[in-house]
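Thanks for coming, everyone. I'll keep this short. Please look at the screen while I talk.

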Amino acid sequence: MTPYEKLKMTRQNGRPTGVAYINGIFDDRIELHGDRRFAEDAAIISGIGSIDDIPVTYIAIEKGVDLATRMKTNFGCPKPEGYRKALRLMKQAEKFGRPVVCFVDTQGAFCGADGEERGQGEAIAENIMEMLGLQTPTVSIVIGEGGSGGALALCSADRVYMMEHAVYSVISPEGCASILWKDASRAEDAAQCLRITADDMKSFGVAETIIPEDFDNFDVTCAVIKKQLKEDLTELLKKKTDALLSDRYMRFRKFGIYEENGETRGTVAYSI
Amino acid sequence: MIFDKWIAAFSHEKLTCGACKKEFSVKELRKALYICPECGKYMRIGGRERINQVVDKKSFEEFATGLSSVDFLEFPGYADKLTKAIDSTGEDDAVICGHATIGGHPCAIFVMDARFMMASMGSVVGEKITRTFEYATEHHIPVIGFTASGGARMQEGIISLMQMAKCSAAVKKHSTEGNLYITVLTDPTTGGVTASFAMQGDIILAEPNALVGFAGRRVVEQTTKSQLPDNFQSAEFILEHGFADAIVPREELIDTLTTILKLHRKERVAG
């Protein structure tokens, strides 16, 4: 499969969305709504639940499964109130020492005029910064499309998993092609150039784990994720807060490939 | 390089105002802080020019120099764009960082330069801004950041997106230790820079009429399916909607920054 074919697959009907993962992985689920500032955004589904004996906060970007739910969730494009709802839930998780598990599946943050009026940029900026400083463990799973800043707002975590055919990109290949070549139909080429696949993310160190997809036996896929989450959360919960935060700082500090005084720097060694 | 700048400073080079198309000498414009003497338009200014405008004379010391971008994805056209930007600006990349004093108050400063690939943020920009915050955290001093950007530098793929998180982590650390961060939003501040360190300041100032937004106007128009007001995503628009603290004219910027820095100075007279 080419990178662009993978991207198109993440947008297809029938692929499990956030809700399916939440139902498949967590027990004792209570959904919590609203940002307490302006509104409830159905593009973010969040609440509390458990993985065996570990209480968690879950936050998912939900694309919807049919036209009616997709209209309601803006096709998985959260508005500022969605990001602020996510942040409220993260701060609540911090208060109670619960880990946070995020599911990411979005073409990007909502781009309408009302989003701009309510500070879409500020909402994302705040989430990224606060998530990086959150004094409780965080794991993010890109389950479909990881689109730009709108995805990063829920991906600034201690660990990132990619579903086998999920993609993660700084810009949609269509957007990239239309800016670079004034031709959105060259998205296939752009997808190739941008390096957006799960394997790419693992080589860059952007993701630690790739989860094999078996959607015919979705309970098996969920069991694999649950096992991995339990293992990682148990390890992360043992860390003292200082160590948790400094390890997270270093996880992101390392990103960058550049030349300094003639020498190539950056701890991420990547060869194409 | 320094010699070139001296030549530029004393040359009779002419610049044209983008709004009224009138021509002015560099000397004349410098005196007018690059506000068009004819129509009042705020012209975009290069990083070094900006530093000269706001910091105390001879106080600026640049750090994080000698960093340059690598075309590690072998992205079509990137190497050429970099070469052209370096040749036309004389800069290594789109941000200049260092420490200085403003009104006698020490601070770290970063200035993004829209002339360099529209100040898009790749590894070099992210690294230099991160080092600015790390320097300021270590020395317990404020950061003044002049933002301008078209967004993340897509030619560096996902690594450019990660710069948003890298910088934000450094901002957070600087903030947690009680240090002040002032952003000055200049034309144009958009995309991934708006969605990260531009909007993370304790105090957010903006230049009059600067374009400030997340999504591009055309994208918003397509999503919204209606005509947007003329002032959409202007500094005035974001002030009105509560996302900036103040709009500060260029000629008042030194005084405003000095006062804010003074009010946040750490050594207090013991009672």
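Let's start where the two chains meet. Chain B and chain A bury about 4,500 Å² between them, and 72% of that area is on carbon and sulfur atoms. This is a predicted model, so please keep that in mind throughout. Why quote an area at all? The size of an interface is often given as the accessible area lost when the parts come together. In residues, 54 from chain B are in contact with 50 from chain A. Three residues of chain B stand out here: B:Met154, B:Ile158 and B:Phe214. They supply 15% of the area that chain B buries against chain A, more than any other three residues.

Now the inside. In soluble globular proteins, nonpolar side chains tend to be buried together. Here the largest nonpolar core has 139 residues. Which members touch the most others? They are A:Phe103, A:Tyr168, B:Phe110, B:Met112 and B:Phe197. Helix H6 of chain B, residues 157–176, gives this core its largest share, 10 residues.

Next, a pair of helices in chain A. Two packed helices are described by the angle between their axes and the distance between the axes. Helix H8, residues 173–181, packs against H9 of chain A at an angle of about 105 degrees, with the axes 8 Å apart. Angles of 65 to 115 degrees count as roughly perpendicular, so H8(A) and H9(A) are roughly perpendicular to each other. From H8(A), the contact includes A:Pro173, A:Cys176 and A:Trp181. From H9(A), it includes A:Ala187, A:Cys193 and A:Leu194. By class, this contact has 9 nonpolar residues, 2 charged and no polar.

Last, some backbone details. Most residues other than glycine have a negative phi, and most peptide bonds are trans. Here are three exceptions, one by one. The peptide bond from B:Asp187 to B:Pro188 is cis, with omega near -10 degrees. B:Pro188 sits in strand S8 of chain B, residues 181–189. A:Ser148 has a positive phi, near 60 degrees. That serine is in helix H7 of chain A, residues 148–152. Is A:Ser148 buried or partly exposed? Its relative accessibility is 23%, so A:Ser148 counts as partly exposed. A:Arg195 also has a phi near 60 degrees. A:Arg195 lies in the loop between helix H9 and helix H10 of chain A. With a relative accessible area of 22%, A:Arg195 is partly exposed.

That's my tour. Questions, please.

Technical notes: Residues are numbered from 1 along each chain as its sequence is written. Chains are lettered from A and ligands numbered from 1 in the order in which they are written. This is a predicted model: local features need pLDDT of at least 70, side-chain atom pairs count only at pLDDT 80 or more; totals for chains, interfaces and linings use all residues. Side-chain values use heavy atoms; hydrogens and water are left out. A nonpolar core is a set of buried Ala, Val, Leu, Ile, Met, Phe, Trp, Tyr and Cys residues joined through side-chain atoms within 4.5 Å. Buried means under 20% relative accessible area, exposed over 50%, partly exposed in between (1.4 Å probe, protein chains only). Helices (H or I, at least four residues) and strands (E, at least two) are DSSP runs, numbered from the N terminus. Axes are lines fitted to C-alpha atoms, for helices over the stretch in contact, and angles run from 0 to 180 degrees between N-to-C directions. Angles under 35 degrees count as roughly parallel, over 145 as roughly antiparallel, 65 to 115 as roughly perpendicular and the rest as oblique. Contact means heavy atoms within 4.5 Å. Ala, Val, Leu, Ile, Met, Phe, Trp, Tyr, Cys and Pro count as nonpolar, Asp, Glu, Lys and Arg as charged, and the others, Gly among them, as polar. Buried area is the accessible area (1.4 Å probe) that two parts lose on being put together, summed over both.
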